[in-house]
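Colleague: I have a model on screen and some questions about it. Can we go through them one by one?

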Amino acid sequence: MKKLIRITTIPGSINGLLRGQLKFMSAHYEVIGISSNDEGFLEEVSERENFRPIAVEMSRKISPLMDIIGVFKLYRIIKKEKPFIVHTHTPKAGTLGMMAAKLAGVPHRLHTIAGLPLMEATGTKRKILNKVEKITYACATKIYPNSYGLKTIILNNKFTTEDKLKVIGNGSSNGINTEHFNPKHYNNEFCIELRKEWNIDKNDFVFVFIGRLVTDKGINELIAAFNKLSQNTTNIKLLLVGKEEEHLDPLKPETLLSIKTNKQIVFAGWQNDVRPYFAISNALVFPSYREGFPNVVLQAGAMELASIVTDINGCNEIVSHNENGIIVPAKNTEKLYEAMQAFLLKTKDELTAMGKKSRDRIVKMYDQQFVWDTLLKEYKSLKR
């Protein structure tokens, strides 16, 4: 059986972003998973995903010395294992893994792009990140942007040539388990009880945001828009599900203050299972500045929620304006406020119809098994 090495910077990416995929591939390849160990979490994930784990520490930050050590360690492992394919995910694992795989002479070096953090960088940092991106792509034999919009951005920035790029299926790195994310799992009684737990009235209109509470997810604009909306409307709530990353991309102090003091904002923190929080909500609001192919918008759609999203790649491929949601410009508080207000004015039947269209679209285009099968077909097409 041919060897397949999959590399991510942290095991959480295998556990979350690629959940189930390595186990599926293990029926066709001898799968080795390389990532940072995170106090034994890599081994825990490997048991469920059926791959052989190898721990290599990688920093998400720019760290030249640690990165050089990382490339050397990866090179030694890859040279010893002699895989047919090395497939990397996440920016740092992509750079280190593609460099090491090229040095080791791996015939097929694949890297999935699920977003470009450099898009929000400026000045010298942006120049450095641009150079690193080009090095990653130069070392790879194939680059898989996980959305068509991302492919366009890569070409516009001249990171690589079009013949090296391919979108798998209709986009998404892992698709979505549409049976798992299905509103039928939650009845009305359950939803009323969960709302009570969070002090949400059964008649409240709930906007939900699920993700990291950081600046580049548009949280500053979301809180500002909701503060304005809640001044004159009492039967609405903003449900925030996720955690802050204070050191990487902190929110404005006034935003943090509003989250604590506005009684119509409900902060639920990190939740291992987000489905119940979709189930008790009326609409998703996801005002991110940049994405690859956002899982949360797929999840919301599968849970029959209409979405307000920004006009960025990924989001504007999942949502069709005024069909299964509303698309607004990124970083625009006023347009976000207007879209949220427009949702409040819609009838229950109108929102339900938008939600049904959302699920139909997700099932048709982004079901997880379809994505896995398409990627496996791509692997099988690779020749020595």
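Modeller: Start with a definition: buried means under 20% relative accessible area, exposed means over 50%, and partly exposed is in between. Keep in mind that this is a predicted model.

Colleague: Then is Glu304 buried, exposed or partly exposed?
Modeller: Its relative accessible area is 27%. Buried needs under 20%, and exposed needs over 50%. So Glu304 is partly exposed.

Colleague: Which residue does Glu304 meet in a salt bridge?
Modeller: Glu304 sits in the loop between H12 and S11. Its partner is in helix H15, 52 residues apart from it. The N to O distance is 3.5 Å, and the residue is Lys356.

Colleague: What is the order of strands in the open sheet of six strands?
Modeller: The pairing is parallel. Neighbouring strands are turned by 20 degrees against each other on average, direction ignored. The order is S9-S8-S7-S10-S11-S12.

Colleague: Which strands stand at the edges of that sheet?
Modeller: Look for strands with a single partner strand. One side of each is left without a neighbour in the sheet. They are S9 (265-269) and S12 (325-328).

Colleague: In S10, what is the bridge partner of Phe207?
Modeller: S7 covers residues 205-210 and S10 covers residues 283-286. The two strands pair in the parallel sense over two bridges. In S10, the partner of Phe207 is Ala283.

Colleague: Which helix lies across S7, S8, S10, S11 and S12?
Modeller: Look at residues 333-345. They run at about 165 degrees to S12. The helix is H14.

Colleague: How many nonpolar residues are in the contact of H12 with H15?
Modeller: H12 brings Leu298, Gly301 and Ala302. H15 brings Gly355, Ser358, Arg359, Ile362 and Tyr366. Three of the contact residues are polar and one is charged. The nonpolar ones number four.

Colleague: Which residue forms a salt bridge with Asp204?
Modeller: Asp204 is buried at 8% relative accessible area. It lies in the loop between H8 (188-197) and S7, and its partner is in strand S8, so the pair ties together parts that are 33 residues apart in sequence. At 2.8 Å, N to O, it is Lys237.

Colleague: Now Lys184: is this residue buried or exposed?
Modeller: Lys184 forms a salt bridge with Glu179, with the closest N and O atoms 3.1 Å apart. Glu179 counts as partly exposed, at 41% relative accessibility. Lys184 has 58%, so it counts as exposed.

Colleague: How many salt bridges does the structure hold?
Modeller: The pairs above are among them. Some share partners: Lys3, Glu30, Arg52 and Glu81 are joined into one network. The total is 17.

Colleague: What is phi of Asn199?
Modeller: Asn199 lies in the loop between H8 and S7. It is exposed, with a relative accessible area of 65%. It is not a glycine, yet its phi is positive, at about 60 degrees.

Conventions: Residues are numbered from 1 along each chain as its sequence is written. This is a predicted model: local features need pLDDT of at least 70, side-chain atom pairs count only at pLDDT 80 or more; totals for chains, interfaces and linings use all residues. Side-chain values use heavy atoms; hydrogens and water are left out. Two strands pair if DSSP finds at least two bridges between them. Helices (H or I, at least four residues) and strands (E, at least two) are DSSP runs, numbered from the N terminus. Axes are lines fitted to C-alpha atoms, for helices over the stretch in contact, and angles run from 0 to 180 degrees between N-to-C directions. Contact means heavy atoms within 4.5 Å. Ala, Val, Leu, Ile, Met, Phe, Trp, Tyr, Cys and Pro count as nonpolar, Asp, Glu, Lys and Arg as charged, and the others, Gly among them, as polar. A salt bridge is a side-chain nitrogen of Lys or Arg within 4 Å of a carboxyl oxygen of Asp or Glu. Buried means under 20% relative accessible area, exposed over 50%, partly exposed in between (1.4 Å probe, protein chains only).
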